[in-house]
Amino acid sequence: ELGITRIQSIPVQHCAHSFAVELQGTSFGAVAYSGDCRPSRKFADAALNADLLIHEATFTDGMEAEASLKRHCTVGEALEVAS
């Protein structure tokens, strides 16, 4: 048994039917995970009290236009979600 007590999916802006997830009750505590998508206020709010937040980012800072075009984020944008 994984011990997960709650799973919440959060729609994010990437391709159709893309979601981030927030899990409660893992061995790490609350875990929030998002693949590489545009920064999401809804995900940031859901991850606010997470013990571990993982947000993938393909692009380096300074590449915001390219990241936005591909519906990804930069490292800096991902870090903003965590703050």
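Predicted model: local features only at pLDDT ≥ 70, side-chain atom pairs only at ≥ 80, totals over all residues.
As for overall dimensions, the C-alpha trace spans about 40 × 25 × 20 Å along its principal axes. The radius of gyration is 13 Å, which agrees with the value near 12 Å that a compact globule of 83 residues would have. Of those 83 residues, 34% count as buried.

Let me turn to the sheet, which is open and has its four strands in the order S1-S2-S3-S4, with mixed pairing. Strand S1, residues 6-11, and strand S4, residues 52-55, stand at the edges with a single partner strand each, so one side of each has no neighbour in the sheet. From one strand to the next, the twist averages 15 degrees. In general, strands of a sheet pair through backbone hydrogen bonds, in either a parallel or an antiparallel sense. Here, S1 and strand S2, which covers residues 19-26, pair in the antiparallel sense over six bridges, and serine 9 stands opposite valine 21 in S2.

Finally, which residues make the nonpolar surface patch of about 360 Å²? They are Phe28, Tyr33, Leu52 and Ile54. Phenylalanine 28 lies in the loop between S2 and strand S3, the latter being residues 29-34, and because its relative accessibility is 59%, where exposed means over 50%, phenylalanine 28 counts as exposed.

Key. Residues numbered from 1 in each chain as written. Heavy atoms only, no water. Pairing = 2+ DSSP bridges. Helix = DSSP H or I, 4+ residues; strand = E, 2+ residues; numbered from the N terminus. Axes fitted to C-alpha atoms, helices over the stretch in contact; angles between N-to-C directions. Patch = residues over 30% accessible without salt bridge, like charges linked within 9 Å, V, L, I, M, F, W, Y side chains within 5 Å. Areas by Shrake-Rupley, 256 points an atom, 1.4 Å probe, with all protein chains shown as cover. Salt bridge = Lys/Arg side-chain N within 4 Å of Asp/Glu carboxyl O. Buried < 20%, exposed > 50% of the residue type's maximum accessible area, 1.4 Å probe, protein only. Rg over C-alpha atoms; globule rule 2.2 N^0.38 Å.
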